[in-house]
Amino acid sequence: MAEIQGQQPTFTVVPVRNETNLRQHVESGNGVNNDRTSFHNFEAEGEPTDTLTQNSITSLLSAKFRGVAKRWKQYGVDSPRFRKRLHSKWESMNYEQIDSQLQRKQSEEQVSKKQLVMLMLSNWLVYFAIGIGTALMAAGVQIVVELIAHEKFSLIRKYLDKCSTDKEDCLIQPVMIWMSINAAITLMGSALVTYGQPMAAGSGIPLIKSYLNGVRIPGLLSLRAFIAKCLGVVLSILGGLACGKEGPMAHSGAIIAAGIGKGRIPWFKKSLNLYGMFRTDHNIRDLVAAGAASGVSAAFGAPVGGTLFSVEEAASFWNTELVWKVFFSAMVACFSTNFLLSAFEGHPTQLSNPGLVRFNTFPNLTFDLIEIPVFIVMAAIGGLIGALFVVMNYKLTVFRQKYLHRKKWIKVVEAVLVSIVSAIAAFILMFTVKDCTTAKPYNSHAITTMMSCTGESHNSLSTMFLTTPEGCLKSLLHDPIETYSVLSLILFIIIFFLLGVWTYGLSVSSGVFIPSLTIGAAWGRLIGLGIVQLFPDQAKDVGKYALIGAASQLGGCLRTTISLTVIIVECTGDITFGLCIMIALMISKWVGDFFTTGLYDMNIEVSGIPLLSWEPPPLCEHVYTNDFMSQPVMTLLPVEKVGHIYDCLVGESFNGFPIIEQDPNYDMMYKGKLKGIILRHQILVLLKKRVFCPEGQLPANQNSITLKDFENPYPVAQSLKIEDVDLNDEDKQCVMDLRPYMNQTPYTVSLNFSMPRVFRLFRGLGLRHLVVVNDNFEPIGMVTRKDLAKYRAEIKKGMLHMEHLTVENR
């Protein structure tokens, strides 16, 4: 239950008959909503009156401010639409092999050793192609961004330098040019995502994590999503938004992997089928894990870190062979990206560009044991700032979904507004803060401007704003100690933090890796300046403090430890500092977890995705199957009338139908022993191919149905709906034999199974449906992903919170 107005949370189990009963239970005042108060009625008692006879003006204002503070605290927490509900639209993948008569018949066909060898080689070749494809995509994005960004900021510098002496009339020109370029590019990027494929918005990692957990997400791995993702991230960065391309690289790599695995090329409304050996949900899941790892590897030049990121943050099903294949694909992606970027710079044999983002070598990356306490304090600060980032972004996400995302054009307008504000904020800082320096930037190609500076000096803030976010990060890590003043860093931290919070969640393709690292590097450098002032003889380099700050900030936002440690170590190329990075990431994660969940988990919760964690919720040993199963179930007979099947599919949204053997001793229809289970999409294919006949006859095309008919087009569940099936009255009087196609050996549990046992069975086997039977082996209920995901445990502020979520029809 959610904690309301200081009450201690309690955990109760509501017996769920079906979703209608659950809603009735909630409305009657016995569910989770009975303690919720109206958003506009937090101060029902003791509200000040309009007159001042009993209250002074001071007390009146004080009460109003207390009401605003309470509303801000409650905002988005107690709303039943966010974080406390699941969406019914999300369905599970079909990882379980359907043990039907048709499958057994086709599996009896002899497969030669040569075919098995070719299948194994083809599998490795597919993983090799995933690495190559991801590298081509990543290198293309990097080259386009660097070339166009250099021209954009060179144009802005030209007008800034030209007008720096004429402040009254001329400086408006570079500002308008900057704003216009940002607005135009962001408009194209946001419109592409909003109207082309909304699944391409954001980093994509939360959705990829949900997909690899077993949730089917329509449109996530489509060609339109790939185009919108790749072009969108280029336009987002060029549009001046506070974002990076590392998260979208993981999503794009996953789309490439899924496309190669499906073996078909979309062509208008049709598709060119090349091969179909890897089209099952199980195979596509493994390939997507490799694609996500390859994307991270190509982005950071970290094949080991990319593999661990896929293990720790994304995938839910692993084995030793799959780890080897994923690592092989990540290594190919890293090497190929290195070769392509090095060739673009004119020295392909040197292989000096292993990834899109490299922290480069630190000249003096050493530490003393007495600095460990400083790193621990910095890690705690990173956890606090990361938790603040998550909380503020969550409040903003709730506000967007309530008021801004009702119309698509509003999403585009918001993105354009953020890009314009980014340009204005950067110009105001450079214009008002006279931070002139003669220190040469670390990057010899860095673009700087004078902005009221004289002689050989330049405005230090221009080094951070007249570049991409990756260039800004490198400047904060490697620029000389005298480059930035304390005031410049403080203002930059505040502005960039607010822009990062505002940007993440826009309807654009963007990532949060680089903004988090940049914010952390800025305040880490600020702390480093203080350490140098206090201990001038001991500390002379602020770069390592900026690196610790970057790692702490990233850990405080994302809450991953092992993979980020390896990624940062691989980016720096120095393992001696690995201990300090690991300490910073672990402590920042612990501090952040004390207050909130991670940023990716927050996105999943807000989306209402039924994600299953690694372990079952605690304190559920005495919760049994009959307490949380969905009932009653809709059953079918082995030989069923087409009209009844059609009515079931039209009237219900169930995706699994138990097949029973009708007992003649029962007076009640559709009650008998379980014989199997058939999926909704199987029935749709049979209806579409008209595998039915008048009673007493055999369908003419029954023997022509193969397993490929249920896979082509892939995926069937997204391309075939009941509305696509056209039946007349004569067809509805026919019968359909479901026995050759049903799963003859479905997994079942009894009523006295505890939730932890059911949870481990369901998640470990990657099931979609788990049939609940009584002592007579009669199906009386069904356990699905949503029935288990409705129970969630969280630890906040050191206390365990148990929540019973509702399921909304969307």
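## Asn 338

Leaving aside residues up to four places away in sequence, Asn 338 touches Leu 351, Ser 352, Asn 353 and Pro 354; contact means heavy atoms within 4.5 Å. Asn 338 is part of helix 11 (residues 320-344). Helices (H or I, at least four residues) and strands (E, at least two) are DSSP runs, numbered from the N terminus. Asn 338 counts as buried because its relative accessibility is 9%, and buried means under 20% relative accessible area with a 1.4 Å probe, protein chains only.

The model is predicted, so local features need pLDDT of at least 70 and side-chain atom pairs count only at pLDDT 80 or more, while totals for chains, interfaces and linings use all residues. Residues are numbered from 1 along each chain as its sequence is written, and side-chain values use heavy atoms, without hydrogens and water.

## Largest cavity

A cavity is a set of points on a 1 Å grid over the protein atoms alone where a 1.4 Å probe fits but cannot get out, and lining residues have an atom within 4 Å of a point. The largest cavity has a volume of about 240 Å³, a volume being the space filled by probe spheres set on the points.

Its lining has 20 residues, with Gly 240, Leu 241, Phe 465, Thr 467 and Phe 496 nearest the centre of the largest cavity. Helices that each supply at least two residues of this lining include helix 4 (113-163) and helix 16 (486-503).

## Second largest cavity

The second largest cavity holds about 170 Å³ of space. Strand 10 (residues 672-679) gives the largest share of its lining, three residues.

Key
Buried < 20%, exposed > 50% of the residue type's maximum accessible area, 1.4 Å probe, protein only. 1 Å grid on protein atoms, 1.4 Å probe; cavity = no way out; pocket = protein on both sides within 12 Å on 5 of 7 lines; lining within 4 Å.
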